[in-house]
Amino acid sequence: MNYCSIVIDDIKIGLKFGMASFRYLSEGKLVEGKSINKGEINEIGIAHIIYSGYFNNCLIKDVEPDYSFEVFAEWLEQNLTNDEAMNQVKAILELWTNNQFVQKALEPEAKKKTR
């Protein structure tokens, strides 16, 4: 399952990772020097990943997003030292990493060419 939720300002927000979330991230959101530093996703990149799940969930439910990317970036920044929130972020990143679209994108080039 590619669904989880996050609580921001006492509001439970659904995150669904799928094709639209992958497309959102593929359109220049995960960029070296901006959201990735030396190959590692930084807090801006993580906020984009979380937002992509929210954005995708809204599309699937056919509702307009109520929250902007800024809400997710601020929440993450405010909670960088909050162990409970960071455990939640780790679980979200694990779910995202296990998404079929992300797995395909991360496949080594040699494996892709043998198909």
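Which residues have the most contacts inside the largest nonpolar core? The points below take up this matter first.

1. **Core.** The largest nonpolar core has 26 residues, and Ile6, Leu15, Phe17, Ile50 and Trp75 have the most contacts inside it. Such a core is a set of buried Ala, Val, Leu, Ile, Met, Phe, Trp, Tyr and Cys residues joined through side-chain atoms within 4.5 Å. Two or more residues each are given to this core by strand S1 (3-8), strand S2 (11-16), helix H1 (19-26), H2, helix H3 (69-78) and H4. H2 supplies the largest share, seven residues.

2. **Basis of the model.** The model is predicted: local features need pLDDT of at least 70, side-chain atom pairs count only at pLDDT 80 or more, and totals for chains, interfaces and linings use all residues. Residues are numbered from 1 along each chain as its sequence is written, and side-chain values use heavy atoms, with hydrogens and water left out.

3. **Overall architecture.** The protein has six helices and four strands, in the order β-β-α-β-β-α-α-α-α-α from the N terminus. These elements are DSSP runs numbered from the N terminus, helices being H or I of at least four residues and strands E of at least two.

4. **Burial and surface.** Of the 115 residues, 37% count as buried; buried means under 20% relative accessible area with a 1.4 Å probe, protein chains only. The accessible surface comes to about 7400 Å², and carbon and sulfur atoms hold 51% of that surface. Areas come from the Shrake-Rupley method with a 1.4 Å probe; for residues, only the protein chains shown count as cover.

5. **Contacts of Ile50.** Leaving aside residues up to four places away in sequence, Ile50 touches Ile6, Leu15, Phe72, Trp75, Val89 and Ile92. Contact here means heavy atoms within 4.5 Å. Among contacts with a separation of 6 or more in the protein, 57% join residues 24 or more positions apart.

6. **Ser52.** Ser52 lies in helix H2 (residues 43-61) and is buried, with a relative accessible area of 0%. A polar atom of the Ser52 side chain lies 2.7 Å from the backbone oxygen of Ile49. Residues up to four places away in sequence not being counted, Ser52 touches Lys16, Phe17, Ser21, Tyr24 and Leu25.

7. **Helix H4.** Helix H4 (residues 83-97) has 15 residues and spans 21 Å from first to last C-alpha, close to the 21 Å expected at 1.5 Å a residue; the expected span is 1.5 Å times one less than the number of residues. Its buried residues are Ala85, Met86, Val89, Ile92, Leu95 and Trp96.

Note on methods:
Buried < 20%, exposed > 50% of the residue type's maximum accessible area, 1.4 Å probe, protein only. Polar contact = N/O pair within 3.5 Å; in protein donor to acceptor, adjacent residues only side chain to side chain.
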